[in-house]
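Please open the model in your viewer and keep the sequence panel beside it.

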Amino acid sequence: MTAAGLKSTPGGPLRGTVRAPGDKSISHRSMILGALASGTTTVEGLLEGADVLATAQAMRSFGARVEQEGPGRWRIEGQGGFVEPSDVVDCGNAGTGVRLIMGAAAGFPLCVTFTGDGSLRGRPMGRVLDPLARMGATWLGRDKGRLPLTLKGGNLRGLSYKLPMASAQVKSAVLLAGLHAEGGVEVIEPEATRDHTERMLRAFGAEVIVEDKAHGGKVVRHIRLPAGQKLTGTHVAVPGDPSSAAFPLVAGLIVPGSEVTVEGVMLNVLRTGLFTTLQEMGADLTISNVRESSGEQIGDITARHSPGMKGVVVPPERAPAMIDEYPILAVAAAFAEGSTVMRGIGEMRVKESDRIALTAAGLKACGVTVEEEPEGMTVIGTARGNHPVRGGGLVHTHGDHRIAMSHLILGMAAQQPVEIDEPGMIATSFPGFADMMRGLGGDLVEA
Ligand code: S3P
């Protein structure tokens with residue numbers, strides 16, 4: 001028997017107000033820092049997606065007590081360090097989970113074997129293992145550091161590490177390892193990436209020094225974690241995930257007659273590149289009720305149907321602030337007039353899937369013209385001459401949640417329904433996606 005797919009059918013306007021699910025990046029970090037810290041950490045608004053639940057389970061195997069107290073409310077009793085897991089640590093689909101946990105675990109004299117699902121076992125771990133090895137950790141794994149792999153840490157030396165790619169996961173792994181490195185660590189970021197680890201380390205009592213220095217006309221960020229930091233449990237209120245809010249919001253922009261508000265969306269500028277880009281395209285996207293929650297700005301975002309959107313060239317330097325949002329931007333771009341050019345996004349090829357290839361294939365299956373490049377893609381919008389997107393494709397998601405959700409959103413505004421083959425993986429980041437979209441008036445049925 002094959003698992004059922006999911007089909008979205010074009011229909012009436014989407015209307016209503018919804019709450020963004022908890023931010024995935026912050027949810028993972030709250031579990032990991034809570035487990036590393038001494039004492040109690042309480043979390044509200046945790047994203048209870050499969051990825052974060054895998055991290056919670058991993059933290060139990062490293063010795064923390066992790067309990068759910070109510071919907072989104074969790075308590076972590078940290079032991080001030082990690083003990084050696086008695087079995088393989090399975091991080092499921094989560095790149096953030098495994099990379100940050102490897103960094104954290106490297107600080108202790110433990111021998112740990114990590115694995116994950118088929119997608120995670122295909123993803124590059126060398127980017128994390130290289131700096132950890134320079135600090136003194138050793139590992140044995142498959143070709144190019146693919147999972148499963150075994151890591152042995154402890155007695156780490158300090159490191160000043162210039163990131164070879166814009167990756168918050170690599171930065172975070174080095175910082176977490178640095179908590180137990182003699183001499184502390186410094187990470188140098190040629191492009192600023194999401195800073196949730198730095199912010200959360202501070203909230204747990206650590207000293208993190210961030211300096212923007214000019215290097216040959218370019219501003220480069222130096223993040224320093226001095227030696228000897230102690231983490232103490234705290235309370236974390238997880239803000240709404242801009243990467244998840246993107247789906248109902250883009251649906252609001254492309255389905256005629258819609259008005260959709262997503263409340264409580266995190267507005268950290270290192271995450272909001274999609275919203276900036278959509279506004280540049282002429283989208284009717286307004287941000288209101290801006291407030292602060294647990295050290296992050298949050299706000300409510302309203303999207304109204306925007307038939308006049310125009311293609312833009314997305315500045316490559318914006319990529320780190322919207323790296324997970326290019327598939328859904330490509331969908332919005334399909335409904336705009338003219339071309340939307342996305343470059344400097346080679347990192348998309350090593351996400352849960354090769355997202356450039358799958359976005360291009362999915363859009364092409366729905367009648368959209370896409371030009372694929374090694375590190376970019378251009379979507380030719382269909383709005384000119386008022387030829388709406390055809391839809392009608394069967395989209396192969398290769399187990400990638402964002403590819404699945406992006407194409408289901410496309411189907412709500414196209415001429416013909418769109419079917420995806422594997423809806424199960426949506427639960428890794430957005431378990432309530434289908435119900436939320438139905439609640440707004442979307443037509444989503446098993447196929
Ligand atoms: C994340 C960083 C990004 C992003 C991922 C979450 C994080 O990955 O794509 O979904 O929480 O640090 P990279 O660090 O590989 O760019």
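Domain bounds, as used here, come from an automatic or database domain assignment. Begin by colouring the protein chain by that assignment, which gives domain 1 (6–20 + 240–446) and domain 2 (24–237). Residues are numbered from 1 along each chain as its sequence is written, and what you are looking at is a predicted model. Local features need pLDDT of at least 70 and side-chain atom pairs count only at pLDDT 80 or more, whereas totals for chains, interfaces and linings use all residues, and side-chain values use heavy atoms, with hydrogens and water left out.

**The interface of the two domains**

With both domains coloured, note that the C-alpha centres of domain 1 and domain 2 lie 29 Å apart. Next select the residues in contact, that is, with heavy atoms within 4.5 Å: 25 residues of domain 1 touch 27 residues of domain 2 in this way. The size of an interface is often given as the accessible area lost when the parts come together. Between domain 1 and domain 2 the buried area is about 2000 Å², with carbon and sulfur atoms giving 47% of it; buried area here is the accessible area (1.4 Å probe) that two parts lose on being put together, summed over both.

Now show the side chains of Glu 296 and Arg 199, which meet in a salt bridge at 3.5 Å, N to O. The rule for a salt bridge asks for a side-chain nitrogen of Lys or Arg within 4 Å of a carboxyl oxygen of Asp or Glu, and across the interface of domain 1 and domain 2 it finds 4 of them. On the side of domain 1 that touches domain 2, the residues divide into 8 nonpolar, 8 polar and 9 charged, where Ala, Val, Leu, Ile, Met, Phe, Trp, Tyr, Cys and Pro count as nonpolar, Asp, Glu, Lys and Arg as charged, and the others, Gly among them, as polar.

**A sheet and its neighbouring loop**

Turn to residues 89–90, which are strand S6; strands (E, at least two residues) are DSSP runs, numbered from the N terminus, and two strands pair if DSSP finds at least two bridges between them. S6 belongs to an open sheet of 4 strands in the order S6-S7-S9-S8, with mixed pairing, and its edge strands are S6 and S8 (138–142), each pairing on one side only. S6 runs parallel to S7 (residues 111–115), joined to it by 2 bridges, and Asp 90 stands opposite Thr 115 in S7.

Most residues other than glycine have a negative phi, and most peptide bonds are trans. Select Lys 144, in the loop between S8 and S9, where phi is positive at about 60 degrees. Then move to Pro 148, in strand S9 (residues 146–152): a cis peptide bond joins Leu 147 to Pro 148, with omega about -5 degrees.

**A hairpin and a second sheet**

Select residues 284–293 and 296–304, strands S16 and S17, which run antiparallel over 8 bridges, with Ser 288 and Asp 300 as bridge partners. The two strands form a hairpin with 2 residues between them, and Ser 294 in the turn has a positive phi of about 45 degrees.

Finish with the open sheet of 4 strands in the order S22-S23-S1-S24, where the pairing is again mixed. S22 (394–395) and S24 (443–446) are its edge strands; S22 pairs with S23 (residues 418–420) in the parallel sense over 2 bridges, and Val 395 has Ile 420 as its bridge partner in S23.
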